[in-house]
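Q: I am new to this protein and would like to learn how to read it. Could you take me through it one feature at a time?

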Amino acid sequence: MNRGAVAGTTYWHEIDSPIGALLLAGDARGLSCVGFQAGPRAMRPQPHWVKSADPFAAAAAQLAAYFTGSLRVFSLDLVPRGTPFQLEVWAALRLIPYGETLSYGELARRLGHAQGARAVGLANGANPLPVIVPCHRVIGADGSLTGFGGGLPIKRALLALEGADCVSDLFSASAPRTMALCAEKRRA
(Lines give C-alpha, C1' and ligand atoms only; values in the text may rest on other atoms or scores of the structure.)
Protein backbone atom coordinates (compact mmCIF):
# COMPACT_ATOMS: atom_id res chain seq x y z
CA MET A 1 0.00 0.00 0.00
CA ASN A 2 2.99 2.30 0.40
CA ARG A 3 3.39 2.95 -3.33
CA GLY A 4 2.70 6.65 -3.75
CA ALA A 5 0.87 6.94 -0.40
CA VAL A 6 1.44 9.91 1.90
CA ALA A 7 1.25 9.35 5.66
CA GLY A 8 -1.99 10.61 7.19
CA THR A 9 -3.94 10.50 3.92
CA THR A 10 -6.74 8.01 3.27
CA TYR A 11 -6.93 6.81 -0.32
CA TRP A 12 -9.64 4.99 -2.20
CA HIS A 13 -10.03 3.21 -5.51
CA GLU A 14 -12.80 1.16 -7.07
CA ILE A 15 -12.07 -2.02 -9.02
CA ASP A 16 -14.26 -4.33 -11.06
CA SER A 17 -14.48 -7.97 -10.05
CA PRO A 18 -16.58 -11.01 -10.95
CA ILE A 19 -18.73 -10.29 -7.87
CA GLY A 20 -19.24 -6.63 -8.73
CA ALA A 21 -17.41 -3.42 -8.03
CA LEU A 22 -15.22 -3.35 -4.92
CA LEU A 23 -14.17 -0.15 -3.19
CA LEU A 24 -10.71 -0.31 -1.62
CA ALA A 25 -9.64 2.17 1.06
CA GLY A 26 -6.51 2.57 3.12
CA ASP A 27 -3.55 4.71 3.99
CA ALA A 28 0.25 4.51 3.85
CA ARG A 29 0.19 1.72 6.47
CA GLY A 30 -2.06 -0.58 4.46
CA LEU A 31 -5.50 -1.58 3.30
CA SER A 32 -8.27 -0.89 5.83
CA CYS A 33 -11.48 -1.54 3.92
CA VAL A 34 -13.03 -3.48 1.05
CA GLY A 35 -16.60 -2.50 0.26
CA PHE A 36 -19.14 -4.31 -1.92
CA GLN A 37 -20.54 -1.61 -4.16
CA ALA A 38 -23.39 -3.56 -5.75
CA GLY A 39 -25.33 -4.27 -2.56
CA PRO A 40 -27.67 -2.21 -0.44
CA ARG A 41 -24.83 -1.12 1.85
CA ALA A 42 -22.50 0.32 -0.79
CA MET A 43 -19.63 2.21 0.77
CA ARG A 44 -19.13 5.83 -0.18
CA PRO A 45 -15.73 7.52 0.02
CA GLN A 46 -15.49 10.26 2.62
CA PRO A 47 -15.05 13.78 1.20
CA HIS A 48 -11.48 14.04 2.55
CA TRP A 49 -10.34 10.75 0.96
CA VAL A 50 -8.10 10.98 -2.10
CA LYS A 51 -8.98 8.94 -5.18
CA SER A 52 -5.89 7.14 -6.51
CA ALA A 53 -5.24 3.72 -8.03
CA ASP A 54 -1.49 3.72 -7.30
CA PRO A 55 -1.61 2.76 -3.60
CA PHE A 56 -3.84 -0.21 -4.45
CA ALA A 57 -1.79 -1.81 -7.22
CA ALA A 58 -0.80 -4.84 -5.12
CA ALA A 59 -4.32 -5.31 -3.70
CA ALA A 60 -5.91 -5.06 -7.15
CA ALA A 61 -3.40 -7.53 -8.61
CA GLN A 62 -3.89 -10.03 -5.77
CA LEU A 63 -7.69 -9.77 -5.96
CA ALA A 64 -7.53 -10.35 -9.73
CA ALA A 65 -5.35 -13.43 -9.15
CA TYR A 66 -7.74 -14.69 -6.45
CA PHE A 67 -10.72 -14.38 -8.78
CA THR A 68 -8.91 -16.39 -11.48
CA GLY A 69 -8.15 -19.11 -8.92
CA SER A 70 -4.39 -18.60 -9.04
CA LEU A 71 -4.05 -17.01 -5.57
CA ARG A 72 -5.14 -18.73 -2.39
CA VAL A 73 -3.52 -16.60 0.32
CA PHE A 74 -3.34 -12.82 0.28
CA SER A 75 -0.10 -11.10 1.23
CA LEU A 76 -1.04 -7.49 1.89
CA ASP A 77 -0.46 -4.99 4.67
CA LEU A 78 -3.83 -4.79 6.44
CA VAL A 79 -4.88 -2.22 9.01
CA PRO A 80 -8.46 -3.03 10.02
CA ARG A 81 -10.00 -0.92 12.76
CA GLY A 82 -11.95 -2.74 15.44
CA THR A 83 -12.14 -3.81 19.05
CA PRO A 84 -9.52 -6.20 20.42
CA PHE A 85 -12.08 -9.05 20.17
CA GLN A 86 -12.94 -8.18 16.57
CA LEU A 87 -9.25 -8.06 15.66
CA GLU A 88 -8.80 -11.50 17.27
CA VAL A 89 -11.69 -12.94 15.25
CA TRP A 90 -10.46 -11.35 12.02
CA ALA A 91 -6.97 -12.78 12.58
CA ALA A 92 -8.53 -16.23 13.11
CA LEU A 93 -10.51 -15.89 9.88
CA ARG A 94 -7.24 -15.58 7.96
CA LEU A 95 -6.24 -19.02 9.30
CA ILE A 96 -9.21 -20.80 7.66
CA PRO A 97 -7.70 -22.46 4.59
CA TYR A 98 -8.83 -21.66 1.06
CA GLY A 99 -11.79 -23.83 0.08
CA GLU A 100 -12.63 -24.87 3.62
CA THR A 101 -15.45 -23.75 5.86
CA LEU A 102 -15.90 -23.51 9.60
CA SER A 103 -18.95 -22.93 11.77
CA TYR A 104 -19.31 -19.89 14.00
CA GLY A 105 -19.35 -22.21 17.02
CA GLU A 106 -16.16 -23.97 15.99
CA LEU A 107 -14.42 -20.66 15.39
CA ALA A 108 -15.53 -19.51 18.86
CA ARG A 109 -14.15 -22.73 20.40
CA ARG A 110 -10.83 -22.27 18.61
CA LEU A 111 -10.61 -18.77 20.07
CA GLY A 112 -11.29 -20.09 23.59
CA HIS A 113 -14.85 -18.73 23.74
CA ALA A 114 -16.87 -21.96 23.59
CA GLN A 115 -20.15 -20.15 24.25
CA GLY A 116 -19.30 -17.20 22.04
CA ALA A 117 -20.70 -18.20 18.62
CA ARG A 118 -23.02 -15.19 18.55
CA ALA A 119 -20.20 -12.77 19.46
CA VAL A 120 -17.99 -14.35 16.81
CA GLY A 121 -20.83 -13.96 14.31
CA LEU A 122 -21.18 -10.27 15.15
CA ALA A 123 -17.43 -9.72 14.79
CA ASN A 124 -17.47 -11.69 11.54
CA GLY A 125 -20.26 -9.46 10.25
CA ALA A 126 -18.24 -6.34 11.08
CA ASN A 127 -15.21 -7.50 9.08
CA PRO A 128 -14.05 -4.45 7.07
CA LEU A 129 -11.92 -6.53 4.68
CA PRO A 130 -14.19 -9.21 3.18
CA VAL A 131 -12.70 -11.56 0.58
CA ILE A 132 -9.16 -10.77 1.81
CA VAL A 133 -10.09 -11.64 5.40
CA PRO A 134 -12.28 -14.60 4.43
CA CYS A 135 -15.41 -14.19 6.53
CA HIS A 136 -17.28 -15.95 3.71
CA ARG A 137 -15.72 -19.23 4.92
CA VAL A 138 -17.77 -19.17 8.13
CA ILE A 139 -21.11 -20.95 7.87
CA GLY A 140 -23.88 -22.22 10.09
CA ALA A 141 -23.37 -25.34 12.21
CA ASP A 142 -25.79 -27.20 9.94
CA GLY A 143 -23.80 -26.31 6.81
CA SER A 144 -26.13 -23.49 5.82
CA LEU A 145 -24.99 -20.22 4.39
CA THR A 146 -25.83 -17.43 6.76
CA GLY A 147 -25.60 -13.65 6.59
CA PHE A 148 -22.93 -11.96 4.55
CA GLY A 149 -22.36 -8.24 3.93
CA GLY A 150 -22.25 -8.73 0.18
CA GLY A 151 -25.34 -10.94 0.20
CA LEU A 152 -25.70 -14.72 0.09
CA PRO A 153 -25.27 -14.98 -3.71
CA ILE A 154 -21.79 -13.43 -3.39
CA LYS A 155 -20.93 -15.67 -0.42
CA ARG A 156 -22.05 -18.68 -2.45
CA ALA A 157 -19.99 -17.49 -5.46
CA LEU A 158 -16.83 -17.04 -3.36
CA LEU A 159 -17.19 -20.50 -1.82
CA ALA A 160 -17.88 -22.03 -5.24
CA LEU A 161 -14.79 -20.28 -6.66
CA GLU A 162 -12.75 -21.88 -3.87
CA GLY A 163 -14.34 -25.29 -4.44
CA ALA A 164 -15.77 -25.49 -0.92
CA ASP A 165 -18.18 -28.34 -0.41
CA CYS A 166 -21.02 -28.71 2.04
CA VAL A 167 -22.60 -25.31 1.65
CA SER A 168 -26.20 -24.43 1.18
CA ASP A 169 -28.46 -21.58 2.08
CA LEU A 170 -31.48 -21.98 4.28
CA PHE A 171 -33.89 -21.03 1.51
CA SER A 172 -32.68 -23.17 -1.37
CA ALA A 173 -34.66 -26.20 -2.49
CA SER A 174 -31.67 -28.46 -1.86
CA ALA A 175 -30.94 -27.08 1.62
CA PRO A 176 -32.44 -29.92 3.70
CA ARG A 177 -30.61 -32.61 1.68
CA THR A 178 -27.32 -30.68 1.66
CA MET A 179 -27.50 -29.94 5.39
CA ALA A 180 -28.17 -33.62 6.14
CA LEU A 181 -25.15 -34.63 4.04
CA CYS A 182 -22.99 -32.04 5.80
CA ALA A 183 -24.06 -33.27 9.23
CA GLU A 184 -23.36 -36.86 8.16
CA LYS A 185 -19.93 -35.89 6.82
CA ARG A 186 -19.05 -34.11 10.11
CA ARG A 187 -20.03 -37.19 12.15
CA ALA A 188 -17.82 -39.46 10.03
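A: Gladly! Let us begin with one term: a contact means heavy atoms within 4.5 Å. His 136, for example, touches Tyr 66, Val 131, Phe 148, Lys 155, Leu 158, Leu 159 and Glu 162, when residues up to four places away in sequence are not counted.

Q: What should I know about the model itself?
A: This is a predicted model, in which local features need pLDDT of at least 70 and side-chain atom pairs count only at pLDDT 80 or more, while totals for chains, interfaces and linings use all residues. Residues are numbered from 1 along each chain as its sequence is written, and side-chain values use heavy atoms, with hydrogens and water left out.

Q: How many helices and strands are there in the protein?
A: Helices (H or I, at least four residues) and strands (E, at least two) are DSSP runs, numbered from the N terminus. Here there are six helices and eight strands. Along the sequence, their pattern is β-β-β-β-α-α-β-α-α-β-β-α-β-α.

Q: How far apart in sequence are residues in contact?
A: Among contacts between residues at least 6 apart in sequence, 57% join residues at least 24 apart.

Q: Is His 136 buried or exposed?
A: Buried means under 20% relative accessible area, exposed means over 50%, and partly exposed is in between (1.4 Å probe, protein chains only). His 136 has a relative accessible area of 0%, so it is buried. Its place is in the loop between α4 and β6. In the whole protein, buried residues make up 48% of the 188 residues.

Q: Which side chain is joined to that of His 136 by a polar contact?
A: A polar contact is a pair of N or O atoms within 3.5 Å; within protein, one must be able to donate a hydrogen and the other to accept it, and residues adjacent in sequence count only if both atoms are side-chain atoms. The side chain of His 136 has such a contact, of 2.8 Å, with that of Glu 162.

Q: What is the phi of Val 131?
A: It is near 75°, a positive value in a residue other than glycine. Val 131 is also in the loop between α4 (117-125) and β6 (138-139). Its relative accessibility is 1%, so Val 131 counts as buried.

Q: Why is strand β2 largely enclosed by the rest of the structure?
A: Because six of the six residues of β2 (residues 22-27) are buried. Leu 22, Leu 24 and Gly 26 cover one side, with Leu 23, Ala 25 and Asp 27 on the other, and all are buried.

Q: Which strands pair with β2?
A: Two strands pair if DSSP finds at least two bridges between them. Five bridges join β2 to β1 (residues 11-15), and these two run antiparallel; His 13 stands opposite Leu 24. Six bridges join β2 to β3 (residues 30-36), also antiparallel, with Gly 30 as the bridge partner of Asp 27.

Q: How many disulfides does a search of the whole structure find?
A: A disulfide is a covalent bond between the sulfur atoms of two cysteines. The test used is a pair of cysteine sulfur atoms within 2.5 Å, and the search finds zero. Cys 33 is buried, with a relative accessible area of 15%, and Cys 135 is buried at 5%.
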